[in-house]
Every structure is written in C-alpha cells, then in structure tokens.
Amino acid sequence: MTPESVNYSFVRFAEQSFYRQVNQALVNSCAIKPGQHIVDLACGTGAVTQLILQKLQGMRESLVIAIDSSAEALQQARAKLAEARNQMVKLVQGQAEQLSGLVRERVDAVILCNAIHMMAQKEEIAAEALRILRPGGVFAFNTTFFAGAQPEETAIFYRRWMYRAIRTLRSRYQLMPDKAAKVESRRQLSSTEYVELLHSQGFTLREELIKPVAVPLEGWLGISQFQDFIAGALPGVPLEAGRQALQQAVTQVFAELKLQFVPRNWLFIVAARP
Ligand SMILES: C[S@@+](CC[C@H](N)C(=O)[O-])C[C@H]1O[C@@H](n2cnc3c(N)ncnc32)[C@H](O)[C@@H]1O
C-alpha cells in the first residue's frame with residue numbers, strides 16, 4: 001500500500017465480520033420494526049445504517065436519520081447506501097451534542113455505535129437523545145473503549161505494541177507522541193458510570209452487557225489506519241507515520257506472541273425513555 005492510496009477512514013475496520021456481529025447484536029436488542037423512524041448517531045461510513053435498514057425491510061413509512069460530524073465519513077456512507085431507497089435514509093452532518101436541533105420529530109430509537117467514548121459531553125448527548133425519543137423509545141450504544149475493555153492477560157500485548165510503535169516513530173521519523181494533545185477517548189467510563197449517567201438523565205435501563213470478542217490481526221491493522229485511533233494512541237503524530245508505526249508494531253507483536261487474535265470486551269447498553 002503506497003501512502004497516497006491509504007484511506008484513514010474507519011472502512012477497513014468496519015468491514016470485518018466480528019465488527020459486524022457486535023453491531024448486529026446492538027441493533028437486534030433495539031427490537032426495530034418496519035415503519036419506525038431510527039436515528040443512527042455517529043453513523044460513520046454507514047455500516048450500521050445498513051444493518052438498521054435490513055430491520056426496516058424497505059417499508060415506505062420507515063426512516064433512518066444517519067448523522068455524523070465528519071463530511072468525509074458521510075460521503076463514504078452516501079456511496080455505500082446508494083442502493084437503499086433514497087427516501088428511507090436521510091444523511092445529516094452535525095454534532096451529537098446538538099441532536100434535538102438536527103432531528104425535529106420524535107423517533108423510536110437512537111443508536112450510537114462505537115462512538116460514545118469519543119464524545120466529551122456524554123450527559124448532554126443522553127439528554128438530547130431523551131428529547132427526541134417518543135415515550136418507550138430506546139437509546140442504545142456500544143463501545144470497546146470503556147474501563148474494563150482490556151482483559152488483564154492482554155496487558156502485555158498493548159504494552160509491547162505501543163512500545164514498539166513509539167520506538168519505530170523515534171528511530172525512523174524522529175517523532176514522539178505529544179502527551180499534552182491527549183484526546184477524549186482516553187478518558188474511559190466504567191459500565192456502572194454509564195448506567196448512573198443514564199439514570200441521572202431520566203432513562204430506565206433495559207440492558208447492560210459486557211461481551212468478549214476475539215479481534216484478529218486484520219482488526220488491529222484496520223484500527224491502526226483509522227485517523228481518530230491514531231490521534232488517540234499517538235497524539236500529535238502525523239497520520240502516515242502513525243499508521244506505519246502502529247501497523248508494523250502490531251504485526252510484529254502478533255508474530256512474537258504467536259497470537260491468532262486478541263480478546264477485547266465490548267459494552268452494550270440499552271436504555272428507554274419512560
Ligand atoms: C468509530 S466511528 C463509528 C462509526 C459507526 N457508528 C460504526 O460503528 O461503524 C465514530 C464516528 O463518530 C463520529 N463522531 C465523533 N464525535 C462525534 C460527535 N460529537 N457528533 C457526531 N459524530 C461524531 C466520527 O466522525 C466517526 O465517524
């Protein structure tokens with residue numbers, strides 16, 4: 001892969017089957033029915049939007065409002081969703097923190113996959129979701145960046161991966177991460193803290209689940225070229241140098257430790273508007 005042809009989006013990670021399964025599990029737990037109106041919040045490149053559309057079974061009254069702050073991600077989502085009937089998907093660029101300003105109707109569910117950890121104003125986002133949900137509607141999210149995501153026995157993998165990536169950055173690019181540029185995803189809430197946050201905003205908890213997921217090398221290679229991950233793991237480092245350092249390091253560590261996959265926990269939470 002030449003640097004010019006690298007795509008720093010989430011697509012390579014989002015295309016993997018284990019990833020599809022964790023999102024399918026969350027979408028399943030929302031009990032979506034044909035005809036409903038659903039918000040796919042932080043829709044990214046549209047992988048979850050497709051799963052929601054399948055549940056809506058093409059019924060004319062159905063609607064997915066897919067929102068993301070990134071114009072680039074929405075452009076990729078638009079291409080991916082081109083086959084879906086136009087009137088069923090509305091793509092909107094905007095911030096989750098301003099959800100009630102973007103969605104002017106009551107919806108049946110707000111689904112937020114793999115993004116809540118990136119958001120600083122979590123209380124505000126939960127409050128905004130509550131504002132646009134009909135009574136009984138659900139706010140569902142999943143994340144693998146929470147306190148408890150890394151099983152203890154995997155500590156050696158992360159230590160070696162980051163150590164090797166930083167060594168490559170220093171020796172090949174004379175670069176070091178900038179600790180002062182730390183991003184929000186580094187501040188991780190526990191499952192209990194998320195539940196308390198939802199209660200404090202007036203939600204009723206429907207489901208709280210932590211599931212182990214086996215992530216193969218291809219998953220780590222995919223996440224290593226996602227711009228937001230590079231910015232979180234190696235703050236302040238240019239994307240191409242960060243990608244190369246992370247991908248080379250993770251490939252080496254998989255070989256050294258003779259790994260087939262690294263287990264990672266995913267948190268799933270579903271809450272309802274009373
Ligand atoms: C890791 S991707 C997840 C995409 C998709 N939900 C999935 O699971 O495949 C996170 C997405 O969240 C978006 N995002 C981050 N902060 C946001 C915010 N405050 N408001 C809206 N979108 C946001 C990013 O642009 C990115 O596309």
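The legends below describe several close-up views of one predicted model. Residues are numbered from 1 along each chain as its sequence is written. Because the model is predicted, local features are reported only at pLDDT of at least 70 and side-chain atom pairs only at pLDDT 80 or more, whereas totals for chains, interfaces and linings use all residues.

**View 1. The whole chain and its dimensions.** The chain holds 11 helices and 7 strands, where helices (H or I, at least four residues) and strands (E, at least two) are DSSP runs numbered from the N terminus. Its C-alpha trace spans about 55 × 40 × 35 Å along the principal axes. The radius of gyration is 19 Å, which agrees with the value near 19 Å for a compact globule of 274 residues; this radius is taken over C-alpha atoms, and the globule rule is 2.2 Å times the number of residues to the power 0.38. Among contacts between residues at least 6 apart in sequence, 83% join residues at least 24 apart, a contact being a pair of residues whose C-beta atoms, placed from the backbone, lie within 7 Å.

**View 2. The nonpolar core around Val-110.** Buried residues make up 39% of the 274 residues in the chain; a residue is buried if 20 or more other C-beta atoms lie within 10 Å of its own, exposed if 12 or fewer, and partly exposed in between, with C-beta atoms placed from the backbone. The largest nonpolar core has 77 residues, and Val-110, Ile-111 and Ala-140 have the most contacts inside it. Such a core is a set of buried Ala, Val, Leu, Ile, Met, Phe, Trp, Tyr and Cys residues joined through C-beta atoms within 7 Å. Leaving aside residues up to four places away in sequence, Val-110 touches Val-39, Leu-41, Ala-129, Ile-132, Leu-133 and Phe-139.

**View 3. Strand E7 and its two antiparallel partners.** Strand E7 (residues 261-272) is joined by 6 bridges to strand E5 (residues 133-143), and these two run antiparallel; two strands pair if DSSP finds at least two bridges between them. Val-138 has Ala-272 in E7 as its bridge partner. Strand E6 (residues 204-216) also runs antiparallel to E7, with 12 bridges joining them, and Val-215 stands opposite Val-262 in E7.

**View 4. Helix H3 and the residue that follows.** Helix H3 (residues 47-56) is mostly covered, with 7 of its 10 residues buried. Those buried residues are Ala-47, Val-48, Thr-49, Gln-50, Ile-52, Leu-53 and Leu-56. Just after H3, Gln-57 takes a positive phi of about 50°.

**View 5. Ala-126 in helix H6.** Ala-126 lies in helix H6 (residues 122-132) and counts as buried because it has 24 C-beta neighbours inside 10 Å. Not counting residues up to four places away in sequence, Ala-126 touches Phe-139, Leu-197, Leu-198, Gln-201 and Phe-203.

**View 6. Two loop residues with positive phi.** Asn-114, although not a glycine, has a positive phi of about 55°, and its place is in the loop between strand E4 (107-113) and H6. Asn-114 is buried, with 23 other C-beta atoms within 10 Å. Gln-174 likewise is not a glycine and has a positive phi of about 50°; its place is in the loop between helix H7 (155-173) and helix H8 (191-200). Gln-174 is exposed, with 8 other C-beta atoms within 10 Å.

Notes: Two residues are in contact if their C-beta atoms, placed from the backbone, lie within 7 Å.
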